[in-house]
Amino acid sequence: MVRSMIAGMALATAVQADVVTQLVNLAEWDEGSTWSSGIAPTNGNDYTSTLWLRVSDASSAFGGDSFTLLTGSQLQLRDSVNTFVVPNLVMDGGAVYAGTGANITFALDGTIDVVSDSAFTCWWGTQGTTGPRNLRILSEISGSGDLSTSASSASTTHFVAIENTDNSGYSGDWTATRGTFIFATGGSVGTGSIAINAGAGLTIGGDWDQSAAGATLSIGDSGASEINLSNSNWKVESMTFGGAGVPPGTYTAAELNTFGDTVFVNGGTIEVVTGPAPPGDVYFVSDKVNWTDPTAWSDGVAATNINNYYVTNNYLFSPVSPATFPGKSLTIRGEGTQFQLKVTGSEVISVDNLTMDGGVLVAGTGNDVESKIDGEINVISDSRFQGYMSSEGVTRDLRVLSKVYNTEPDVEVEMYYSNTESTHTIYIDNAVNEFSGTWVVYCGTNEFANAGAVGTGSIEVLNNGKLRILGDWNQSEAGASLTVNDSANANVDLGGYDWAVSNLVFGGSSVAAGTYTATELNALGANPVFSGSGTLTVGTVVNTLVYMDVLASAQTWTSATIWDNDMAPTSGFDYVVPSTGNLKSPDGNVAFQGDSLTVLAGGKVQVRGKEDLGTVTTIADLRFSGGTGFGTLEFPTLASGTGNVANQMDGHILNSGYTMVSGYYSATATRGLRIYSQIEGDGIFRTTASSSSTETTVVFDVMSPSNTYSGVWQSHRGMLRFESGGAAGPASIEVFAGAGLTIDGDWNESTNNTSLTVADSAGTVVELGSNTWIIANVTVGTNLLAEAEYTVAELNSYLTNPAFTGTTGKIKVGVEGDVPNPPTLEGEMNGGDITFTWTDSRFKLQSRPQLTFGDWVDVPGGVSSPFIVPATNDVEFLRLIEK
């Protein structure tokens, strides 16, 4: 009976735990003075806080039964070595905070019950030390309150890793205001939804499907965001991207990126169960209203990114401030149908996919001002770009920054006017225009910013038209022609440039082939139409060699102004990067449009395709020439150009001299290079990176299995990796101190007299794996290895610093494969001695006493021809054998 009473009293004590509150802000959790109880947390008590509580470096576990973070409170983790444990953390409006340092990660374990909206708060340094503070949450999470993450600066790159793989008891939603949520698996998310604001990020390391629970995904549209699908499949009830609903369907990263900026990366899919109706065709049903007005469109909704929009009558206005048309496309169709730009000065209207199908693009507002448009314009039937001048002489100019092209043949862009006396100017600025139709200058001035802005098209200047091209213009080989009316109001200003056209018609008459000045051309007509100090050549002028002439700073190859012909690269021309030239590809999947690209000593080409995005830079004919050594400006360079990933390239490479292959390395970023290009030549490639600390963390992958390159690969910094023996080809390889080499497969080019040299130095790595390499000559450290088969251990025995790794891998030294025919042994008597000669230096002399039995032994000194056998020697039989 007494025992029963004692047990009952103990049970009552356990149920009635005391609630202890935090009294001192920014105090340590294991100090008694922090708490209302006056002692450090112990079992049997529950703890609450509205203040900021710091974790003691000396204690990694919270001693109480529970700890509740109320609104305004923080649990500050301040030791990156320990994993802090709170057995029962209740988040009721408070935050877990990454508390000190930079470039550091803190870990929390236990359980978390989210009873109201709470946060995981990190930090990004903006004064003194910069860098993120990150959080790893190992705790099992339950509850229904929402969780968010943010940091002290919009520049933050912090992450919050949710690592428990079964948070099925959590139904709240996740919001990344700043930073990145990294969920270990789909089960780490729970059953809630996810919202990633513009500039924040998301990774889920596995399939995620809570669509049946109504989970949604909301992604902000910003190029600073990264949503990593991680080669997984996600399924959500609905999804928005940049505020617009994504239609039902299953999408890859590339397909999702068509709805907005390049945000989604890597393989995998997102399946959207419900959403807005699939994209459709929407028509303009109003007049003189801007595209943001819902009444403008047949569906009664302001333009969105899921529809194609058509204007077939009346006037559509742009907004009066800078804006981008949100629809998938905009088509202006029919004569008299206008798209009027209502911005002026430095403001720009952008339409990424504008089709001109007989309509008019108009500078639509202001006095003595300029309207600008950017994006892309496809001209599919004769259309107009129109300026304006009032009866009082007030003008409106139009500047077309957009790339102009045509997918239909024989189309015209008419540079038009509001009256025949107009002095407006229409500027065509894009240097990579692909327009092949005819530019017709009716009235006012048509100014092309450079020759590339003309494209490959022809030009016609009518009675009141004026033409300027600010650069040398030569599309004569493409058949471009120039037609000019002989009118007192017409003008063609050659400036100080040289133009060439296949055909010139002036005043209705064809002009004979030849090169003319403005004066000479004017003599052919009745009016002084031509002006300037330049020349105009009639007939085909072939000038295929184009040099980069904007040097030192990095320049994107699509820029027309960096080439000496002022045109973006195009077929029919060969391009050269001279000393101090620094040429870079655009981002994304791009191909160099010239016939070839040659990089001379002192020049550089950077590739910017990115492995994580699956993009590749392609140069069909890339040549490295003129390298004489590895001193300053003695060699050309092939470089990886962007990101913390491998940059990728494809095409064909010819290396005929000393060439540097450069990656990048710092304490926070590593950038390698993956070369799918087929490689040939007999030069020297040397791998390097931006820091001598590179070691083998920067990887140079050589992928083509059919390389015929027979020169030398020098692994100077980083890891040189060949995808196969065929990728290494018949080249020799040198591995410098601290660098690395691996060939993923067997390699035998020994008949091509290949060699391998490996430095005896700490940090040098040669990965044999389970492969067999057969090499004619091998030098390990200072040791030239004899012909034999060597295991990894045997190879390392020649080194002070073991470099070779692998399981059953081995190297055979010698020639194995095509066995050469033995040369003829010839002898000549000379005073009793016999002089033996042979022609192949790969063979040596052996002898034995009997012809048919006995061991053949090397003749001392008989390793090279000629060899003299004295008459005093005993009779022996001789043969030649490979060394």
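User: How many disulfides does the structure hold?
Analyst: Zero disulfides, where a disulfide is a pair of cysteine sulfur atoms within 2.5 Å. This is a predicted model in which local features need pLDDT of at least 70 and side-chain atom pairs count only at pLDDT 80 or more, while totals for chains, interfaces and linings use all residues. Residues are numbered from 1 along each chain as its sequence is written, and side-chain values use heavy atoms, with hydrogens and water left out.

User: Is C122 buried or exposed?
Analyst: C122 is buried, at 1% relative accessibility. Buried means under 20% relative accessible area, exposed means over 50%, and partly exposed is in between, with a 1.4 Å probe and protein chains only. C443 is buried as well, at 2%.

User: Switching to backbone. Which peptide bond is cis?
Analyst: The one from S865 to P866 is cis, with omega near 0 degrees. P866 sits in the loop between strand 90 (857–858) and strand 91 (867–869). Strands here are DSSP runs of E with at least two residues, helices are runs of H or I with at least four, and both are numbered from the N terminus.

User: What is phi at S230?
Analyst: S230 has a positive phi of about 55 degrees, although it is not a glycine. Most residues other than glycine have a negative phi. S230 lies in the loop between strand 22 (226–228) and strand 23 (232–236), and at 22% relative accessibility it counts as partly exposed.

User: And what about phi of D410?
Analyst: Phi of D410 is positive too, near 55 degrees. D410 is in the loop between strand 42 (403–405) and strand 43 (412–416). With a relative accessible area of 76%, D410 is exposed.

User: On to aromatics. How many aromatic pairs are there?
Analyst: The count comes to 38 aromatic pairs. Rings of Phe, Tyr and Trp (its six-membered ring) pair if their centres lie within 6.5 Å; planes under 30 degrees apart count as stacked, over 60 as edge-to-face and the rest as tilted. One of them is Y47 with F62, whose centres are 5.4 Å apart and whose planes are at 85 degrees, so the pair is edge-to-face.

User: Where in the chain are Y47 and F62?
Analyst: Y47 is in strand 3 (residues 45–49) and F62 is in the loop between strand 4 (52–54) and strand 5 (66–70), 15 residues apart. Both are buried: Y47 at 0% relative accessibility and F62 at 4%.

User: Which cluster do ring pairs make with Y47 and F62?
Analyst: Ring pairs link W29, W35, Y47, F62, F67 and F84 into a cluster.

User: Which charges lie over a ring face?
Analyst: Among them are K328 over F259, at 6.0 Å from the ring centre, and R396 over Y388, at 4.1 Å. The rule is NZ of Lys or CZ of Arg within 6 Å of the ring centre and within 35 degrees of the ring normal.

User: Now R674. What is in contact with R674?
Analyst: Leaving aside neighbours within four places in sequence, R674 is in contact with E611, N647, Q648, M649, D701 and M703. Contact means heavy atoms within 4.5 Å. R674 is in strand 70 (residues 673–675) and counts as buried, at 16% relative accessibility.

User: Which residues touch the most other members in the largest nonpolar core?
Analyst: Of its 65 residues, W297, L330, F339, F385, W439 and I459 do. Such a core is a set of buried Ala, Val, Leu, Ile, Met, Phe, Trp, Tyr and Cys residues joined through side-chain atoms within 4.5 Å. Outside four places in sequence, the contacts of I459 include W439, F448, L467 and W473.

User: Last topic, strands. How do strand 87 and strand 88 pair?
Analyst: Strand 87 (residues 826–830) and strand 88 (residues 833–837) pair in the antiparallel sense over five bridges. Two strands pair if DSSP finds at least two bridges between them. Strands 87 and 88 form a hairpin with two residues between them, and G831 in the turn has a positive phi of about 65 degrees.

User: What stands opposite I834?
Analyst: M829 stands opposite I834 of strand 88. In strand 91, the bridge partner of I834 is V869. Strand 88 and strand 91 run antiparallel, joined by three bridges.
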